[in-house]
Amino acid sequence: MNTTAVAPLSIEDAELLVATARSAAEDAGVTVSVTVLDAGGHLLSFRRDDRAVLISGETSTRKAYTALQLNAPTADLVDAVQPGGLFHTLPTALDRPLLFIAGGVPVHRDGRLIGAIGVGGGAPEQDHGFATAAVQALA
């Protein structure tokens, strides 16, 4: 059993994730909301551009929560909620609904899950790219 401690996702890490995702979105001409959760699902950082659609804040949070709970990018889970998919009934079985739309990415350190980022406001593929860029910048 590996009992090596892994540094948790810090506020500084979360702010770097948010800044990187927002910068990537701005470079693409897209306004987004970004949510970063720690491994326990607690909000570490949230930013919503005043020009972004209001629902993008809830969308980014639910994408981050989904990526965290299932330890997988939400882009990889879209087919799983289709009829006959592995998680067909899961989105409505939890207290906080999951959101199976690209834009949520888990954050790992030394192979362990330490949090997740969710981006909302652009097209799902764009949001996924912004979130992935942020996670890569943290590595």
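1. The protein exposes about 7,100 Å², and carbon and sulfur atoms supply 54% of that area. Accessible areas come from the Shrake-Rupley method with a 1.4 Å probe; for residues, only the protein chains shown count as cover. Of the 139 residues, 42% count as buried (under 20% relative accessible area; exposed is over 50%, partly exposed in between, with a 1.4 Å probe and protein chains only).

2. A note on the source. This is a predicted model, where local features need pLDDT of at least 70 and side-chain atom pairs count only at pLDDT 80 or more, while totals for chains, interfaces and linings use all residues. Residues are numbered from 1 along each chain as its sequence is written, and side-chain values use heavy atoms, leaving out hydrogens and water.

3. The protein has 3 helices and 4 strands. From the N terminus on, the order is α-β-β-α-β-β-α. Helices (H or I, at least four residues) and strands (E, at least two) are DSSP runs, numbered from the N terminus.

4. The 4 strands form an open sheet, ordered β2-β1-β4-β3, with antiparallel pairing. β2 (43–48) and β3 (104–109) stand at the edges with a single partner strand each, so one side of each lacks a neighbour in the sheet. The twist averages 15° from one strand to the next. Two strands pair if DSSP finds at least two bridges between them.

5. β3 pairs with β4 (residues 112–120) in the antiparallel sense, over 6 bridges. Within this pairing, Val105 has Ile117 of β4 as its bridge partner.

6. Helix α2 (residues 55–70) packs on the sheet and touches β1 (33–38), β2, β3 and β4. Its direction makes about 155° with that of β4. Axes are lines fitted to C-alpha atoms, for helices over the stretch in contact, and angles run from 0 to 180 degrees between N-to-C directions.

7. The length of α2 agrees with expectation: its 16 residues should span 22 Å at 1.5 Å a residue, and its end C-alpha atoms are 23 Å apart. The expected span is 1.5 Å times one less than the number of residues.

8. Buried residues of α2 include Gly57, Ala64, Tyr65 and Leu68. Their cover includes the four strands β1, β2, β3 and β4, plus α3 (124–138). Contact means heavy atoms within 4.5 Å. After α2 comes Asn71, with a positive phi near 50°.

9. Val53 sits in the loop between β2 and α2. It counts as exposed because its relative accessibility is 56%. The C-alpha atoms of Val53 and Gly121 are separated by 6.7 Å, although the two residues lie 68 residues apart along the chain.
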